[in-house]
Protein chains: 2
Amino acid sequence: METVLRSKSREVVIGPDQPTRIIGERINPTGKKLLAESLAKKDMSRIKRLAEEQVAAGAAILDVNVGAAGVNEVELLPMAVQAVMEVTDVPLCLDSANAQALRAALEVYEGKALINSVNGEEASLGRVLPLAREFGAAVIGLTMDERGIPKTAQERLEVAQKIVERAEAMGIPREDILIDCLALAVGADTTAGLVALEAIRLVRQALGVNMTLGVSNISFGLPDREEINEVFLAMALGCGVNAPIVNPAQACKTVLIADLLLGRDEYAMRYIRYCRAQKAASS
Amino acid sequence: METVLRSKSREVVIGPDQPTRIIGERINPTGKKLLAESLAKKDMSRIKRLAEEQVAAGAAILDVNVGAAGVNEVELLPMAVQAVMEVTDVPLCLDSANAQALRAALEVYEGKALINSVNGEEASLGRVLPLAREFGAAVIGLTMDERGIPKTAQERLEVAQKIVERAEAMGIPREDILIDCLALAVGADTTAGLVALEAIRLVRQALGVNMTLGVSNISFGLPDREEINEVFLAMALGCGVNAPIVNPAQACKTVLIADLLLGRDEYAMRYIRYCRAQKAASS
């Protein structure tokens with residue numbers, strides 16, 4: 001099953017036989033004071049730089065999130081999308097909890113976008129799926145609903161099933177749904193990693209859909225977060241995630257190695273080329 | 001299912017609800033010229049140092065292999081086992097293709113050893129399983145037989161099944177078999193990682209046995225081997241390996257993080273303690 005995303009000039013295919021596609025997570029003001037301040041002033045220079053850096057580091061898709069206190073997302077999300085389209089040609093992932101902001105961004109986006117996100121709540125399904133259908137966009141489905149985030153992998157699968165069924169009933173093809181099984185902080189809940197990994201395996205097997213995952217939550221509050229994120233990313237890719245939302249500068253080599261180990265890099269050609277380029281750049 | 005190993009004074013339990021147990025791989029002259037030379041002179045000082053270093057770095061079990069050109073293993077393996085028992089009290093994994101050498105080592109070993117290894121060949125089953133029964137040892141079963149190493153995960157499962165059945169028929173309990181699904185060099189065979197990971201999942205699910213894996217072969221011939229080994233180790237632990245054969249100095253933190261992510265480290269206490277000790281040691 002292949003998910004196709006498009007910018008004005010480029011097509012990106014997500015699928016089990018494709019290389020892992022990195023969705024760059026860095027255009028997001030959460031915890032980034034300077035980015036939040038520049039957004040409040042409608043200054044797009046930082047966003048443009050983050051876009052260029054992430055594509056150079058290996059992002060195939062860029063998440064664009066402008067949600068912060070005091071920001072009018074309906075005005076700002078399309079501005080940010082425009083700004084990113086000016087400096088890169090990768091497909092974009094439009095990230096907001098505000099359906100009006102998503103609509104405004106979809107109206108300016110040129111291509112086939114990825115919407116981040118819908119979840120199993122009736123209100124969310126009713127607001128976001130019609131947007132995906134109207135604009136022919138793909139959409140990330142989070143495995144949570146009115147009850148919150150289920151504690152078990154089986155219940156998360158059931159939420160994913162509901163999202164896929166509702167989308168298909170509206171005419172959105174299954175290949176345009178990416179499921180995110182939701183990684184919570186393992187420092188607060190000992191089972192957080194295990195349940196997410198089990199859910200990823202179950203959803204992949206039962207629904208056959210492509211899978212994303214916001215990786216970095218897992219390490220919240222713990223020392224040496226990057227190392228935890230890397231090990232979790234490796235495990236998640238091994239379980240079926242093929243379009244993770246990560247910091248490409250940190251995750252790119254792990255992703256290349258994972259593709260090598262999962263049989264997606266014949267004769268290790270992409271991996272060896274990357275290592276050579278790294279060495280050339282550092283010498 | 002729990003595998004219990006013992007030294008004279010210590011017991012180590014391998015099981016799905018236990019922390020991952022590292023089998024230290026470093027006492028092995030393959031590719032180590034100085035170690036091979038000192039072994040040829042029956043000098044045990046290097047082996048003793050490697051034993052102490054690996055236990056300090058987090059090994060729960062030590063593999064002892066003295067196989068090298070010009071070495072009489074039947075004489076040298078028991079000497080090496082004696083030497084390691086003098087400086088550490090972890091259980092040992094007696095590693096030889098020579099059944100006479102295994103017998104000689106089992107005769108001097110005090111405790112319940114792990115034999116490395118038997119495989120699905122009739123000759124191997126007939127030589128090694130009786131030793132395991134006679135000495136009450138546990139044994140590593142490699143998923144290969146007269147045909148070599150099968151290309152598919154399903155065939156590797158069948159070899160594992162054969163080994164377990166033959167052991168049980170002789171009165172060796174299933175919990176005393178650890179299966180190694182065999183990682184080959186992914187630079188030479190693009191499917192090597194994927195097939196090994198699939199086999200690990202199949203064997204774990206079908207037979208319920210504990211699982212070991214010699215991790216480092218996977219990266220043979222490729223640049224930045226340690227990084228490949230680390231990602232593969234993370235994936236393999238995620239699939240069910242719980243007693244990997246690795247260099248503990250390189251693998252220990254990855255193993256701790258994997259245990260954290262697999263729900264085996266409540267409130268991240270072991271991980272945080274390790275990070276604090278690391279920081280204290282480096283400051």
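Reader: How many residues does the contact take from chain A and from chain B?
Author: The contact draws on 36 residues from chain A and 36 residues from chain B, where contact means heavy atoms within 4.5 Å. Please note that this is a predicted model, in which local features need pLDDT of at least 70 and side-chain atom pairs count only at pLDDT 80 or more, while totals for chains, interfaces and linings use all residues. Residues are numbered from 1 along each chain as its sequence is written, chains are lettered from A and ligands numbered from 1 in the order in which they are written, and side-chain values use heavy atoms, with hydrogens and water left out.

Reader: What area do chain A and chain B bury between them?
Author: About 3100 Å² is buried between chain A and chain B, and 68% of it is on carbon and sulfur atoms. Buried area is the accessible area (1.4 Å probe) that two parts lose on being put together, summed over both.

Reader: Which residues in chain A lose the most area to chain B?
Author: They are Thr190(A), Met235(A) and Leu261(A), which together make up 22% of what that side buries.

Reader: How many salt bridges are there between the two chains?
Author: Six salt bridges are counted between chain A and chain B. The term covers a side-chain nitrogen of Lys or Arg within 4 Å of a carboxyl oxygen of Asp or Glu. One salt bridge pairs Glu227(B) with Lys253(A), and their closest N and O atoms are 3.0 Å apart.

Reader: And how many over all chains?
Author: Over all chains, the structure holds 36 salt bridges. Glu75(A) and Lys42(A) also form a salt bridge through their side chains, at 2.8 Å from N to O. This pair links distant parts of the chain, 33 residues apart: Glu75(A) is in helix α3 (residues 73-87) of chain A, and Lys42(A) is in the loop between α1 (33-40) and α2 (45-56) of chain A. Helices (H or I, at least four residues) and strands (E, at least two) are DSSP runs, numbered from the N terminus.

Reader: Turning to helix packing, at what angle do α7 and α8 of chain A pack?
Author: Helix α7 (residues 192-207) of chain A and helix α8 (residues 225-239) of chain A pack at about 25 degrees, and their axes are 9 Å apart. Axes are lines fitted to C-alpha atoms, for helices over the stretch in contact, and angles run from 0 to 180 degrees between N-to-C directions. α7(A) and α8(A) are therefore roughly parallel to each other. Angles under 35 degrees count as roughly parallel, over 145 as roughly antiparallel, 65 to 115 as roughly perpendicular and the rest as oblique.

Reader: Which residues make that contact?
Author: From α7(A) come Gly193(A), Ala196(A), Leu197(A), Ile200(A), Arg201(A) and Arg204(A), and from α8(A) come Phe232(A), Met235(A), Ala236(A) and Cys239(A).

Reader: How do α6 and α7 of chain B cross?
Author: The axes of helix α6 (residues 153-169) of chain B and helix α7 (residues 192-207) of chain B come within 8 Å and cross at roughly 40 degrees. α6(B) and α7(B) are therefore oblique to each other.

Reader: What about α8 and α9 of chain B?
Author: Helix α8 (residues 225-239) of chain B packs with helix α9 (residues 248-261) of chain B at an angle of about 30 degrees, with axes 10 Å apart. α8(B) is therefore roughly parallel to α9(B).

Reader: On the backbone, where is the peptide bond cis?
Author: In chain A, the peptide bond from Asn116(A) to Ser117(A) is cis, with omega near 20 degrees. Ser117(A) belongs to strand β6 (residues 114-119) of chain A. Asn116(B) and Ser117(B) are also joined by a cis peptide bond, with omega about 20 degrees. Ser117(B) is placed in strand β6 (residues 114-119) of chain B.

Reader: Is phi of Leu182(A) positive or negative?
Author: Phi of Leu182(A) is positive, near 70 degrees, in a residue other than glycine. Most residues other than glycine have a negative phi, and most peptide bonds are trans. Leu182(A) sits in the loop between β8 (177-180) and α7 of chain A.
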